[in-house]
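Q: Hi, I have a new model open and could use a quick tour. Can you walk me through it?

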Amino acid sequence: PGYGLFARNQPSRTISGDLYRIEDRSDHAQCHILVADVSGKGMAASLLTASLEALAAGPMEMGRPPHELLAKLSRRLHARTPLEKFATAFVITLDVETGVVRYANAGHNPGLLVRGGEVEELWATGVPLGLLPESNYELAELELHPGDTLIVYTDGVTDAVNRTEEDYGIERLKRACLQSEHEDVAGLAHIVEEDLDAFAEGVPYEDDRTLVILRRDPL
């Protein structure tokens, strides 16, 4: 209660190398969100994604803080995969009562905080998962005020190209989010996807696209 949440994954092929996972605590005091993008495409990427999801399940259910979750995932992924295999990830913990969001970003695309007609980028707080035997991640914090929206996505969105091989890019994504700032989360997602399709002009998407939107209800 008090929030809107939207999530969708659209594979570029039959199976996806993107992942989102949402864990709502049994007492509904916290909500944990993970968005991840595994290197590569197709079956190999999907198998690594399944492994990453399994590794994340326990720590998320236990409510591990975002920076600790990422450090554990990175360590385990490094031990189980070749050096050229890695993943980026964005982890959020929402305190439902206060609207405080704690997050950590493992080399992932910057999250977008839409607030009062402006967009703030939430940049990486550490390296991608699996690159190093031990990786540390900084924990960042913000407060979602009524009407604020937090958007996390994978690079299949911003790297989509049109017929002239121009990238959709983060600035277009920001503009689409601002145009739909007063929509509900499903409406915002629909506008973003329509804008992306119009830009692509029918060019097939080469990468999986994942979009997760969290909004605190306006007063």
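This is a predicted model: local features need pLDDT of at least 70, side-chain atom pairs count only at pLDDT 80 or more; totals for chains, interfaces and linings use all residues.

Q: What is the phi of histidine 28?

A: Phi is positive there, about 60 degrees, although histidine 28 is not a glycine.

Q: Why point that out?

A: Because most residues other than glycine have a negative phi.

Q: Is histidine 28 buried or partly exposed?

A: Partly exposed, because its relative accessibility is 49%. The cut-offs are under 20% for buried and over 50% for exposed.

Q: Which other residue has a positive phi without being glycine?

A: Glutamate 201 is one, with phi near 55 degrees. Look for glutamate 201 in the loop between α5 and β10 (209-216). Glutamate 201 is partly exposed too, with a relative accessible area of 39%.

Q: Let's zoom out. How many helices and strands does the chain have?

A: The chain has 5 helices and 10 strands.

Q: What about the radius of gyration?

A: The chain has 17 Å. For 219 residues, a compact globule would come out near 17 Å, so the two agree.

Q: And what does the C-alpha trace span along its principal axes?

A: About 45 × 45 × 25 Å.

Q: How much of the chain is buried?

A: Buried residues are 51% of the 219. As for surface, the chain exposes about 10,200 Å². Carbon and sulfur atoms supply 50% of that area.

Q: How far apart in sequence are the residues in contact?

A: Take the contacts between residues at least 6 apart in sequence. Of these, 69% join residues at least 24 apart.

Q: What about charges? How many positive and negative ones are there?

A: There are 20 positive and 37 negative charges. Their mean positions lie 5 Å apart.

Q: New topic: aromatics. How many aromatic pairs are there?

A: The structure holds 2. One is phenylalanine 90 with tyrosine 103, and that pair is stacked. The ring centres are 5.4 Å apart, with 10 degrees between the planes.

Q: Where do phenylalanine 90 and tyrosine 103 sit?

A: Phenylalanine 90 is in strand β4 (residues 87-95), and tyrosine 103 is in strand β5 (residues 100-106). They are 13 residues apart.

Q: Buried or exposed, those two?

A: Phenylalanine 90 is buried, at 1% relative accessibility. Tyrosine 103 is buried as well, with a relative accessible area of 9%.

Q: And the other pair?

A: That one is tyrosine 168 with phenylalanine 199. Their ring centres are 5.4 Å apart, and the planes meet at 70 degrees, so the pair is edge-to-face. Planes over 60 degrees apart count as edge-to-face.

Q: Which parts of the chain does that pair link?

A: Tyrosine 168 is in the loop between α3 (155-158) and α4 (169-179), while phenylalanine 199 belongs to helix α5 (residues 185-200). The two are 31 residues apart. Tyrosine 168 is buried, at 1% relative accessible area. Phenylalanine 199 is buried at 11%.

Q: You mentioned α4. Which of its residues are buried?

A: Gly169, Leu173, Lys174, Ala176 and Cys177.

Q: Now loops. Where is proline 128?

A: In the loop between β7 and β8 (140-143). Proline 128 is buried, with a relative accessible area of 16%.

Q: What does proline 128 touch?

A: Beyond its neighbours within four places in sequence, its contacts include Ser74, Phe86, Thr88 and Tyr137.

Q: Last one: where is serine 12?

A: In the loop between β1 (3-10) and β2. Serine 12 is partly exposed, at 24% relative accessible area.

Q: And what is serine 12 in contact with?

A: Setting aside neighbours within four places in sequence, serine 12 contacts Tyr205, Glu206, Asp207 and Asp208. Also, the C-alpha atoms of serine 12 and arginine 209 are 7.4 Å apart, although the two are 197 residues apart along the chain.

Technical notes: Residues are numbered from 1 along each chain as its sequence is written. Side-chain values use heavy atoms; hydrogens and water are left out. Helices (H or I, at least four residues) and strands (E, at least two) are DSSP runs, numbered from the N terminus. The radius of gyration is taken over C-alpha atoms; the globule rule is 2.2 Å times the number of residues to the power 0.38. Buried means under 20% relative accessible area, exposed over 50%, partly exposed in between (1.4 Å probe, protein chains only). Contact means heavy atoms within 4.5 Å. Accessible areas come from the Shrake-Rupley method with a 1.4 Å probe; for residues, only the protein chains shown count as cover. Lys and Arg count as positive and Asp and Glu as negative; His and the chain ends are not counted. The place of a charge is taken as NZ of Lys, CZ of Arg, CG of Asp or CD of Glu. Rings of Phe, Tyr and Trp (its six-membered ring) pair if their centres lie within 6.5 Å; planes under 30 degrees apart count as stacked, over 60 as edge-to-face and the rest as tilted.
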